[in-house]
Amino acid sequence: MANIGLKDVRKIYSGGVEAIKGVSLDIKDGEMIVLVGPSGCGKSTLLRMVAGLESISSGEVTIADKRVNELEPAERDIAMVFQNYALYPHMSVRQNLAYGLKNRNTPKDEIDSRILEAARALEIEPFLDRKPRQLSGGQRQRVAMGRAIVRKPSVFLFDEPLSNLDAKLRVQMRVEIRRLQRALATTSIYVTHDQMEAMTLADRLVVLNSGRIEQVGTPIELYEKPATTFVATFIGSPSMNLMALAKGADWTIAPGLNIPAQTATLGIRPEDLVVADGSEQLSLRLSIEVAAVELVGAESYIHGLTASGSSVVFRTAGRSAVELGQRTTLTADPRHFHFFKDDGTRL
Amino acid sequence: MQSVVFPNKILPYFLVVPQIVLTVVFFFWPAGQALYQSAMREDPFGLQSGFVGLANFRQILADPNYLHAVQVTVVFSVATAVLSMAVALILANAADLVVRGKGLYRTMLIIPYAVAPAVAGMLWLFMFNPSMGTLAYLLRRNGIAWDPLLNGDQAMVLVVVAAAWKQISYNFLFFVAGLQAIPKSLLEAAAIDGARGSRRFWTIVFPLLAPTTFFLLVVNTVYAFFDTFGIIHSVTGGGPAKATETLVYKVYNDGFVNLNLGSSAAQSVVLMVIVIGLTAFQFRFVERRVHYG
């Protein structure tokens with residue numbers, strides 16, 4: 001059980017490249033924090049700095065209010081689940097689970113009972129005497145989880161643990177990770193580039209962009225009130241439509257509709273755009289030509305082009321009412337508008 | 001595999017002729033000669049030879065000198081393989097830690113491999129020659145009665161060191177490659193699991209290097225058995241009192257010095273059987289060596 005503190009943490013590589021440009025964050029005890037961002041944003045680097053696998057160029061990392069900058073990974077009381085699982089291939093599952101405990105001189109019978117406990121929780125009991133190469137991807141993933149939980153560390157670190165699994169298994173493991181983390185109430189940092197994973201797992205989400213925090217908040221806060229256009233387009237799929245106000249020619253805004261003066265960009269989520277039926281008042285009207293229709297099952301994504309060639313996407317339940325090549329007019333409820341300044345920050 | 005069909009019927013045979021000629025002239029013919037000679041015995045004047053069946057084999061296997069050579073060969077091979085592999089493994093691990101000048105460090109360590117066996121032998125002979133060797137002088141000054149010309153154990157140490165020294169480069173290259181093939185995340189996982197230094201080496205690194213180590217063990221054994229003639233010949237000449245006479249050296253000594261062709265041929269047939277055995281062993285276990293996945 002431990003809180004984690006990052007104070008103006010920076011990572012500068014020997015070549016002078018700054019990968020982490022001053023990150024400060026307070027993680028509460030038992031909280032599940034998800035670091036999300038595009039590849040190269042520094043999320044894995046940040047995680048590895050907490051783990052002690054990367055040195056910290058400046059700033060301070062604390063675990064349970066204790067400075068850990070100078071501590072070895074083993075001394076930080078953390079456990080990490082790696083993207084490629086990093087199971088020891090020459091050891092059986094049992095030995096893999098026992099390894100960390102043996103190195104800490106845990107008594108033999110306690111090792112056995114902890115392994116059994118973890119194996120039961122993860123349903124890997126039948127595989128305890130197999131080698132990792134005899135296991136499927138999902139089973140290896142469970143063993144990697146097991147290796148983390150037998151140690152009963154105060155912090156779990158997950159480095160894209162599900163990205164090597166197929167889609168179905170990923171959903172299943174995602175639910176399981178959440179369940180386990182809740183049950184153990186262990187402070188966790190989870191790195192992913194998959195925003196679906198991020199949204200469903202996080203108590204709080206941290207969106208990183210080129211080494212800086214863009215926004216921290218609960219998934220719903222980030223979805224409903226993105227602080228920047230970056231967060232607005234990164235969270236949510238398909239991503240938010242951003243329209244530059246300068247290109248006003250594409251659409252008409254009903255007179256009297258209140259748009260803040262500093263607004264440079266207007267954002268509307270795909271699900272907030274609907275085909276106009278003429279009854280709407282005080283709203284925006286956007287005319288498009290349908291360029292593509294994607295039916296994904298329960299809903300359809302319709303991609304349209306405006307007169308000036310900007311693309312717009314909106315979502316309808318079930319099958320699309322409009323067809324390819326058709327011209328149609330879209331509208332949206334002003335309550336769902338997101339306003340951004342010209343520097344990309346939210347108004 | 002796709003089978004390639006040449007339009008010309010004769011050309012493909014023509015293309016493999018050089019290799020086949022080389023193999024026949026330098027491998028099959030001598031091997032056949034050895035087999036033939038091993039069943040023959042010359043008269044004392046070398047005027048005629050007669051068929052004796054397996055008598056040559058019976059004789060060498062009952063000969064205490066031959067059994068002594070077997071023992072010398074085993075000691076020499078094991079010592080050479082272990083020494084050269086151990087030193088190479090230490091150097092390869094050290095190379096992993098070098099931050100600056102990695103390329104230079106590696107290049108320097110590869111140089112001994114390019115030195116001819118006889119030259120390598122002379123090098124060590126000069127350094128440890130009891131009368132003029134610099135290092136021999138140092139040894140004696142420190143109270144060690146160093147005289148490989150009279151002391152068989154010391155002569156053995158000298159040839160082992162010289163033979164191992166030449167093989168270190170080769171082993172080093174394979175160990176460096178083997179170390180690089182170990183996924184970094186495994187070492188990181190081990191670091192988080194609390195394994196450091198020698199513990200991490202023996203529980204994670206060394207087991208993962210097992211395929212490389214196994215391969216090198218076979219290669220080094222073959223090397224020590226068959227490729228060290230030049231070193232032994234230049235350093236000790238098999239002496240003192242046959243203390244460093246390995247099987248290969250005895251084949252040479254009995255055949256070309258003592259001119260006992262039948263016995264020499266029988267001994268080389270025994271070596272041939274050993275080579276075939278080692279090669280089969282290598283194909284069976286090393287080619288399909290353990291792959292961790």
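User: Which residues have the most contacts inside the largest nonpolar core?

Analyst: A nonpolar core is a set of buried Ala, Val, Leu, Ile, Met, Phe, Trp, Tyr and Cys residues joined through C-beta atoms within 7 Å; buried means that 20 or more other C-beta atoms, placed from the backbone, lie within 10 Å of the residue's own. In this predicted model, V34(A), L35(A), L157(A) and V159(B) have the most contacts inside the largest core, which has 134 residues. Its largest share, 12 residues, comes from helix α7 (residues 152-180) of chain B. Domain 1 (4-234) and domain 2 (241-340) of chain A both contribute residues, so the core lies between them; the bounds come from an automatic or database domain assignment.

User: How are residues and chains labelled, and which parts of the model count?

Analyst: Residues are numbered from 1 along each chain as its sequence is written, and chains are lettered from A and ligands numbered from 1 in the order in which they are written. Local features need pLDDT of at least 70 and side-chain atom pairs count only at pLDDT 80 or more, while totals for chains, interfaces and linings use all residues.

User: What is the strand order in the open sheet of chain A?

Analyst: Strands of a sheet pair through backbone hydrogen bonds, either parallel or antiparallel. Strands here are DSSP runs of E, at least two residues, and helices are runs of H or I, at least four, numbered from the N terminus; two strands pair if DSSP finds at least two bridges between them. The six strands in chain A follow the order β6-β7-β8-β3-β9-β10, with mixed pairing. β6 (78-81) and β10 (212-217) of chain A each have a single partner strand, so one side of each lacks a neighbour in the sheet.

User: How many bridges join β6(A) to β7 of chain A?

Analyst: Four, and the two strands run parallel. V81(A) has F158(A) in β7(A) as its bridge partner.

Key:
A residue is buried if 20 or more other C-beta atoms lie within 10 Å of its own, exposed if 12 or fewer, and partly exposed in between; C-beta atoms are placed from the backbone.
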